[in-house]
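Let's take a walk through this model together, starting with a pocket and ending at a pair of metal ions.

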Amino acid sequence: QQTLAQDTSKKSCYEFLNMTSRSFAAVIQELDEELRDSVCLFYLVLRGLDTIEDDMSLDLNRKVELLRSFDQIIYQKGWTFNENGPNEKDRELLVHFDVIINEFLRLKPEYQKVIANITKLMGDGMADYVSGEHRENTAIATVKDFDLYCHYVAGLVGYGLSDLFAASGLESKEIADDKVLSNAMGLFLQKTNIIRDYREDLDDGRQFWPKEIWGKYVEKFSDLTKPEYKDKAQACLSDMVLNVLDDVPQVLTYLSKLKNQSVFNFCAIPQVMAISTLALVFNNLDIYHRNLKIRKGQAVKLIMDSKDMDHVVSIFRQYVFEISRKNEATDPNFMKISMAIGRIEQWI
Ligand SMILES: O=C(O)CO[C@@H](C(=O)O)[C@@H](OCCCCCc1ccc2ccccc2c1)C(=O)NCCCCCc1ccc2ccccc2c1
Ligand SMILES: [Mg+2]
Ligand SMILES: [Mg+2]
């Protein structure tokens with residue numbers, strides 16, 4: 001039984017959800033009653049953490065202190081934060097974070113534990129990278145660093161979601177056992193976004209592409225935007241897409257294990273958007289100049305069609321075919337991409 005005040009504060013959490021996420025708000029609100037609030041708060045707590053990580057105007061030591069203690073901050077009633085820079089996009093969330101904390105503290109202790117545990121791991125992981133990127137900006141040097149960073153900011157979300165699905169009883173315990181599959185669910189989304197966001201991140205003074213990859217093609221990361229490096233830029237982009245394609249079989253395996261319809265929709269829709277985005281950015285040099293987004297009509301059609309595994313597999317097949325059609329024989333990665341596509345087609 002809840003009071004009017006509690007009802008109001010829960011409603012404002014969903015307002016913050018809709019304010020801070022185009023792509024996840026709708027699918028989170030479609031979740032079954034038993035999961036909806038815990039996943040909504042899981043999102044808001046981590047978006048609050050990410051708003052600290054993303055703010056390049058924050059003092060480095062202050063940022064590290066906040067990142068490493070965020071798992072305790074979420075238990076501090078009344079805590080709010082207004083040190084974010086004026087144009088930090090989700091600063092409002094932290095200014096009113098006391099409301100999020102109140103609702104978090106009303107969740108079942110079991111759900112609170114999952115959220116606090118992932119928040120600690122993610123906050124420490126972000127802190128490990130933040131010092132590197134503030135200084136010489138090559139915090140992500142190797143492909144291994146790239147996989148580790150994406151594990152911290154997105155793979156761990158997959159871990160936590162699988163734990164919440166299992167704890168809710170809507171999915172089997174096994175879904176939380178295979179960490180490799182849960183990790184791949186996050187890596188596929190995060191890595192596709194990192195490719196798509198090249199220009200936006202460059203303009204914000206941030207770079208996430210591993211130097212082990214782009215360093216094969218250019219001296220400076222921003223050379224990729226210059227017309228005289230056009231062929232190098234295209235080869236670098238296909239090298240990045242090749243790295244992401246390896247996660248596709250694991251994503252499809254994870255989705256095939258889901259039983260609950262609302263959980264399936266919640267998990268499948270972001271993945272289907274990501275494979276569509278990956279096909280859009282592949283061999284498309286516009287990504288070096290502007291942020292590409294799939295057309296609204298395309299997105300709506302994908303959402304409608306992603307209701308069961310057979311449809312999701314056929315959507316993946318369509319976009320993997322589009323990537324193979326765009327794959328150019330002159331590309332130094334042509335063969336590797338063909339083989340990655342071959343591995344995916346064995347699966348689908
Ligand atoms: O600032 C931005 O708007 C983008 O920030 C990116 C960044 O800073 O790198 C980056 O911030 C990452 C750190 C905060 C994670 C926030 C998050 C995202 C989605 C969730 C979905 C459900 C529950 C909790 C969630 C938590 C970001 O938002 N990247 C988008 C991809 C993250 C994917 C997370 C994820 C992982 C596994 C999943 C499995 C099934 C369904 C959804 C899943 C969603
Ligand atoms: Mg962010
Ligand atoms: Mg971030």
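How many nonpolar, polar and charged residues does the lining of the second largest pocket have, by class? That lining has six nonpolar, two polar and eight charged residues. Here Ala, Val, Leu, Ile, Met, Phe, Trp, Tyr, Cys and Pro count as nonpolar, Asp, Glu, Lys and Arg as charged, and the others, Gly among them, as polar.

Before going on, some ground rules. This is a predicted model, where local features need pLDDT of at least 70 and side-chain atom pairs count only at pLDDT 80 or more, while totals for chains, interfaces and linings use all residues. Residues are numbered from 1 along each chain as its sequence is written, chains are lettered from A and ligands numbered from 1 in the order in which they are written, and side-chain values use heavy atoms, with hydrogens and water left out.

Back to the pocket. A pocket is an open set of points on a 1 Å grid over the protein atoms alone, where a 1.4 Å probe fits, with protein on both sides within 12 Å along at least five of seven lines; lining residues have an atom within 4 Å of a point. This one has a volume of about 300 Å³, taken as the space filled by probe spheres set on the points, which are joined across faces, edges and corners. Of its 16 lining residues, Lys10, Asp37, Ser38, Arg106 and Leu107 lie nearest the centre. Helix 1 (4–20) and helix 3 are the elements that give two or more residues to this lining, and helix 3 gives the most, with seven. Helices are DSSP runs (H or I, at least four residues), numbered from the N terminus.

Now follow helix 3 (residues 33–54) to Asp50 and Glu53, which sit three residues apart, about one turn of the helix. Donors are N, O and S atoms within 2.8 Å of the metal (3.2 Å for Na, K and Ca); water is not among the atoms, so sites may look incomplete.

The magnesium ion (ligand 2) is coordinated by Asp50 and Asp54, at 2.0 to 2.1 Å. Asp50 bridges the two magnesium ions, which lie 3.4 Å apart.

How do these side chains sit? Asp50 is buried, at 14% relative accessible area, and Glu53 is buried too, at 2%, whereas Asp54 is partly exposed at 21%. Buried means under 20%, exposed over 50% and partly exposed in between (1.4 Å probe, protein chains only).
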